[in-house]
Amino acid sequence: MCRSTRAIDYGREPVDGGGRADPIGHRQMHAAEKLRRIRPLLGDKGYWLVSRICGEGYSLGEIVGPGASKRAKLKAARDLREFLDLLCELWNLSTRR
C-alpha cells in the first residue's frame, strides 16, 4: 500500500486539544467594533450585501441568483457602489469633492 506524505501545516488551528488557539487580537477587536458601527448606517440589506461580496468573496451573479436578469445585476452593482461610497465617507477615504 502506497501512502503519500503531507507536510504539517502549522498555521491550522489544532483540533486535538494539543495546543491553545491565539486569543482575539487588538486588530480583530477593532475590526469587529467598526463592523458594529457600520451596520446601522448600511441597514440590514446593505450590511448583508457588503459583507457577502467584500467579506465572504461572493460575486454579484451569486448574490442575485444564476437566472437573474441583467437589470437585477445592475441594481445590485449600483446598490453595492452606494454602500461602499457611504463607507468611504465614514472612514474618510472618499475621493469625491
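**Salt bridges and a bent helix**

Reply: Arg52 is partly exposed, with a relative accessible area of 25%, where buried means under 20% relative accessible area, exposed over 50% and partly exposed in between (1.4 Å probe, protein chains only). This is a predicted model, in which local features need pLDDT of at least 70 and side-chain atom pairs count only at pLDDT 80 or more, while totals for chains, interfaces and linings use all residues. Residues are numbered from 1 along each chain as its sequence is written, and side-chain values use heavy atoms, with hydrogens and water left out.

Me: Which side chain does Arg52 meet in a salt bridge?

Reply: Arg52 meets Glu56, at 3.7 Å from N to O; a salt bridge here is a side-chain nitrogen of Lys or Arg within 4 Å of a carboxyl oxygen of Asp or Glu.

Me: How many salt bridges are there in the whole structure?

Reply: A search of the whole structure gives six. One of them joins Glu33 to Arg36, with the closest N and O atoms 2.6 Å apart, and Glu33, Arg36 and Arg37 are linked in a network of salt bridges.

Me: Why are Glu33 and Arg36 separated by about one helical turn?

Reply: Because they are three residues apart in helix 1, helices being DSSP runs of H or I with at least four residues, numbered from the N terminus. Glu33 counts as partly exposed at 32% relative accessibility, whereas Arg36, at 55%, counts as exposed.

Me: OK, what about Asp79, buried or exposed?

Reply: Asp79 counts as buried, at 11% relative accessibility, and it forms a salt bridge with Lys45, the closest N and O atoms being 3.0 Å apart. That pair links distant parts of the chain, with Asp79 in helix 3 and Lys45 in helix 1, 34 residues apart. Leaving aside neighbours within four places in sequence, Asp79 is in contact (heavy atoms within 4.5 Å) with Lys45 and Leu49.

Me: Switching to helix 1, where does it bend?

Reply: Helix 1 bends by about 115 degrees at Gly43, the bend being the angle between axes fitted to the seven residues ending there and the seven starting there. Helix 1 covers residues 26-55, and its end C-alpha atoms are only 19 Å apart, short of the 44 Å that a straight helix of 30 residues would reach; that expected span is 1.5 Å times one less than the number of residues.

Me: And what do the buried residues of helix 1 pack against?

Reply: They pack against helix 2 (60-64) and helix 3, and among them are Ile38, Leu42, Leu49 and Ile53.

Key. Helix = DSSP H or I, 4+ residues; strand = E, 2+ residues; numbered from the N terminus.
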